Amino acid sequence: MKSNLKVNFLGTELINPFILASAPPTKDYETIRNAFNAGWAGAITKSIVLSPTRNKKSRIGHIRHQNNIIATQNYEMSSVYSPYQWKEWVIRLRNEFPDRLIFVSFAASSNIDEWKFLSESFLETNVHGLELNFSCPHSDHDRKGSAIGLDHNLCASITEAVKKTVGKKLKIMSKLPYILHPNEGTVAKMCIEAGADAIAGINSIAGLCEIDPYELKPKLMTGDKTTTVGLSYHIIRSFGRLVITQIAKTIDWKRYPISAIGGVSRDIESIIDYLSLGANHMQVCSEVMNHGVEVIDEMKATLLQYLEKTGRTIDDIRGKALPHFTEWDKLDSQDRIATVSDDCTNCQACISYCRYNAIMPGAAKINIVDKNCDGCGSCYSACPNNAISLN
Ligand SMILES: Cc1cc2nc3c(=O)[nH]c(=O)nc-3n(C[C@H](O)[C@H](O)[C@H](O)COP(=O)(O)O)c2cc1C
C-alpha cells in the first residue's frame with residue numbers, strides 16, 4: 001500500500017505534515033504562492049504588527065562548524081507590510097490555494113486592545129486561524145514576543161481576549177518560546193484553558209553572535225554594532241524536543257494539536273523526533289531560508305521512504321517516544337556496566353571519553369575493566385560502530 005502523508009489539523013486536511021513557519025519564507029504573497037506551488041501544505045504568515053518598522057541591514061548570519069552551517073541567527077523584526085496589505089494577500093491565497101492551510105501570525109504589545117484589533121481585522125478573510133507570537137527573542141526594546149511569553153498570565157489573557165474576539169470563526173494557536181522551561185507545560189495548559197485550539201513552539205532562541213577572534217568584533221553587525229540574536233536551525237532541535245515533550249506531557253495533544261518548530265530539516269531524524277514526541281505536524285524555517293522551497297520534495301520523499309521501510313503510518317509514530325520520558329527521580333537506580341560486542345573495530349575512539357580508566361586497548365577489540373566502569377554511558381554514546389552497550 002502506498003504510504004500517506006496527509007494529516008488532520010483541527011479539522012483541516014494537510015496534504016503533508018510540513019508547513020512554513022512565520023519568517024522570511026512567508027514574508028509576502030508571492031513568496032507564499034511560490035512555496036504552495038512547490039508543495040508546502042501551509043504557511044504561517046510573517047508576524048504582522050500594527051506599525052511596521054524598517055529592518056536593519058544586515059540582520060541574518062550563520063554559524064559554521066567544520067564547514068557545515070549548524071545554526072542561523074538573526075535580529076529581523078516583524079513584517080514590514082501593514083495588516084491591510086496582508087488582509088488582501090491572505091484572501092487571495094485562500095482563493096487560489098483552497099487546500100492549503102493559512103494562519104496569520106501577530107506580534108503585538110502587552111496592550112490587549114492591539115491583539116483584539118488585529119484579530120478583528122482578519123475575521124472575514126476565511127483564513128484558518130491566528131498564531132499568537134509570544135516568543136520572538138529579540139524584542140528587548142519593545143517588550144513584545146518572548147517578553148510576553150515569560151508572563152504566564154498575560155499569555156492566557158491575550159489568548160482569551162483573542163478567542164472572545166474571533167469566537168469559533170478562527171482557530172487560535174499560541175506560539176511559545178524555549179525560555180519557559182520548566183514551565184512550558186503549565187503555560188501551554190493555561191493557553192488551552194483560555195481558548196487556544198493548538199500550541200506551537202519553539203521560536204528562535206536568544207543568543208549573541210560570535211566574536212571574530214582577530215578583529216575582536218561581533219561577526220553579525222549592523223554598522224559597527226550588534227544586538228540579541230535569535231538562534232535557529234539544527235542547533236536548536238534539542239531545545240525544541242524538550243519543549244514539545246513537556247507540552248505533550250501536560251496537555252491532551254490528541255485534542256489540542258502541537259505544531260512543532262525548531263531545526264526541522266531534510267534529515268529524517270528531525271522529522272521523526274517531533275512526530276514521535278506527539279507533534280501533529282512540523283513548521284520549517286531555516287532549512288527553507290538556506291536551501292529554498294524545493295526542499296519540500298526531499299522532505300516528503302524522505303518521510304515516505306521511512307514509512308514504507310518501517311511499514312508505519314504517521315499515526316503509528318505520533319507520541320510513541322513520549323512514555324520514555326520522566327523526571328530524574330523516577331529513573332531507576334540499577335547498576336549497569338559497559339560491555340563490548342564483536343562489532344568493535346578496535347578504533348579506540350571510546351578511550352578518550354572514559355573518565356574512569358575503564359577502557360584498555362586489546363588485541364582485537366577494546367577491553368572493559370569491569371571494576372572501574374561506573375556505567376556513565378559516555379563510551380557507549382561515543383562509539384562510532386554501536387559496539388558498546390550497557391548491561
Ligand atoms: C530571519 C528569521 C525571521 C523570523 N521571523 C519570525 C516572525 O516574524 N515571527 C515568528 O513567530 N517567528 C519568526 N522566526 C522564527 C521561526 O518562525 C522559527 O520559529 C525559528 O526559526 C525556528 O525554526 P527553524 O529552526 O526551522 O528555523 C524567524 C526566524 C528567522 C530565522
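A word on the source. This is a predicted model: local features need pLDDT of at least 70, side-chain atom pairs count only at pLDDT 80 or more, and totals for chains, interfaces and linings use all residues. Residues are numbered from 1 along each chain as its sequence is written.

Back to the helices. α5 covers residues 152-166, and α6 covers residues 184-193. Their axes come within 8 Å and cross at roughly 25°. Axes here are lines fitted to C-alpha atoms, for helices over the stretch in contact, with angles from 0 to 180 degrees between N-to-C directions. Helices are DSSP runs of H or I with at least four residues, strands are E runs of at least two, and both are numbered from the N terminus.

Which residues meet? From α5, take His152, Cys155, Ala156 and Thr159. From α6, take Thr186, Val187, Met190 and Cys191. Contact means C-beta atoms, placed from the backbone, within 7 Å. By class, this contact has 5 nonpolar, 3 polar and no charged residues. Nonpolar means Ala, Val, Leu, Ile, Met, Phe, Trp, Tyr, Cys and Pro; charged means Asp, Glu, Lys and Arg; the others, Gly among them, are polar.

Next, the sheet. It is open, with 4 strands in the order β5-β6-β14-β11 and antiparallel pairing. Strands pair if DSSP finds at least two bridges between them. The edge strands are β5 (60-65) and β11 (205-207), and each pairs on one side only. Neighbouring strands are turned by 40° against each other on average, direction ignored.

Look at β5 and β6. They pair over 6 bridges, in the antiparallel sense. Arg64 has Ile69 in β6 as its bridge partner. Gly61 has Gln73 in β6. The two strands form a hairpin with 2 residues between them. In the turn, Gln66 has a positive phi of about 50°.

Last, the ligand. How many residues surround it? The count is 28, and the closest are Ala21, Ser47, Ser232, Cys285 and Ser286. Near means a C-beta atom, placed from the backbone, within 6 Å. β6 (68-74) and β14 (229-232) are the elements that give two or more residues to this shell. The shell divides into 11 nonpolar, 14 polar and 3 charged residues.

Terms used
Contact = placed C-beta atoms within 7 Å.
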